[in-house]
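I opened the notebook today to look through one structure, and these are my entries in the order I made them. Have the sequence and the model in view as you read along.

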Amino acid sequence: MTTSSTPDATDATADSPDSAAVLTGMYAAEAAYLAAGGPGRASFAPLAPYFAPDVVLHQADALPYAGTWRGHAGLERFFLAMSRVWESFDMTEQEFLATGATAVVLTRVRARARATGRELTFPILQTITVRDGRIAEVRPFYWDTAAIADACAVRPAAG
């Protein structure tokens, strides 16, 4: 997985600079983590300060990396699961709306499925809860989970 761009502080429209600063810092740390090799190769330590120890990430059941991922260890397992699915995962555009403890991030993604080589471009809308200066909960919403699952599925050869 790779990220091609990360937002800077001017990308955030924020009633709460703390939430915007946390998100901006986290996406920059995530880009550095992935650029350094990501799951299994780079240390999660630079990302850890942006997430509460009991962080919860919810992924839709229809996705190849479905489930509820809890805590820092859960996030590390999530990043590993994502890297098994996607050969590349570029966040090409992001818009933030941070109001108090709740933030909404609209991300445009360009990705290539590892199993099939298929490329997709799709939006993800995330609601993110920030508590005590750390991300406590993330709920991503994909516009078309079936298209993502389809792009990642290897079909048996016709016989």
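Predicted model: local features only at pLDDT ≥ 70, side-chain atom pairs only at ≥ 80, totals over all residues.

**Entry 1: what I call buried.** I call a residue buried when its relative accessible area is under 20%, exposed when over 50%, and partly exposed in between. By that rule, both Trp 86 and Phe 122 are buried.

**Entry 2: the chain as a whole.** I looked up the secondary structure and found 3 helices and 7 strands. Reading along the sequence, I wrote down the order as β-α-β-β-α-β-β-β-β-α. Of the 159 residues, 45% are buried. I also looked at contacts between residues with a separation of 6 or more, and 52% of these join residues 24 or more positions apart. For the accessible surface I noted about 7900 Å², with 53% of that area on carbon and sulfur atoms.

**Entry 3: the core.** Which residues have the most contacts inside the largest nonpolar core? I listed Tyr 65, Trp 86, Phe 122, Ile 128, Ile 135 and Ile 148, in a core of 44 residues. Next I looked at the elements that supply at least two residues each to this core: helix 1 (17–35), strand 2 (51–59), helix 2, strand 4 (86–99), strand 5, strand 6, strand 7 (134–142) and helix 3. Helix 1 gives the most, with 7 residues.

**Entry 4: helix 2.** I stopped at helix 2, which runs over residues 71–85 and has 15 residues. From its first C-alpha to its last it reaches 21 Å, close to the 21 Å expected at 1.5 Å a residue. I then checked which of its residues are buried, and my list reads Gly 71, Gly 74, Leu 75, Phe 78, Phe 79, Ala 81, Met 82, Ser 83 and Val 85.

**Entry 5: aromatic rings.** How many aromatic pairs are there? I got a count of 11 aromatic pairs. I picked out Tyr 65 and Phe 78, whose ring centres are 6.0 Å apart; their planes stand at 75 degrees, so I filed the pair as edge-to-face. This pair links distant parts of the chain, with Tyr 65 in the loop between strand 2 and strand 3 (67–70) and Phe 78 in helix 2, 13 residues apart. Tyr 65 and Phe 78 are both buried.

Then I turned to Trp 86 and Phe 122. Their ring centres are also 6.0 Å apart, but the planes are at 35 degrees, so this pair is tilted. Trp 86 sits in strand 4 and Phe 122 in strand 6, and the two are 36 residues apart in the chain. I also noted one aromatic cluster, formed by Tyr 33, Phe 44, Tyr 65, Trp 69, Phe 78 and Phe 79.

**Entry 6: salt bridges.** My search of the whole structure gave 5 salt bridges. In one of them, Arg 118 meets Asp 150, at 3.0 Å from N to O. This one also links distant parts of the chain: Arg 118 is in the loop between strand 5 (102–113) and strand 6 (119–131), while Asp 150 is in helix 3 (residues 145–152), 32 residues away.

Another salt bridge joins Arg 112 to Glu 119, with the closest N and O atoms 3.0 Å apart. Arg 112 has 26% relative accessibility, so I noted this residue as partly exposed. Glu 87, Arg 112 and Glu 119 are linked in a network of salt bridges.

I also wrote down Arg 139 with Glu 137, a salt bridge of 3.3 Å from N to O. Arg 139 is partly exposed at 35% relative accessibility, and Glu 137 is partly exposed at 25%.

Entry 7: Most residues other than glycine have a negative phi. With that in mind I marked Asp 132, which is not a glycine and yet has a positive phi of about 55 degrees. I found Asp 132 in the loop between strand 6 and strand 7. Its relative accessibility is 75%, so Asp 132 counts as exposed.

Note on methods: Residues numbered from 1 in each chain as written. Heavy atoms only, no water. Salt bridge = Lys/Arg side-chain N within 4 Å of Asp/Glu carboxyl O. Buried < 20%, exposed > 50% of the residue type's maximum accessible area, 1.4 Å probe, protein only. Helix = DSSP H or I, 4+ residues; strand = E, 2+ residues; numbered from the N terminus. Expected span 1.5 Å × (residues − 1). Core = buried A, V, L, I, M, F, W, Y, C linked by side-chain atoms within 4.5 Å. Contact = heavy atoms within 4.5 Å. Areas by Shrake-Rupley, 256 points an atom, 1.4 Å probe, with all protein chains shown as cover. Phe/Tyr/Trp six-rings, centres within 6.5 Å; stacked < 30°, edge-to-face > 60°.
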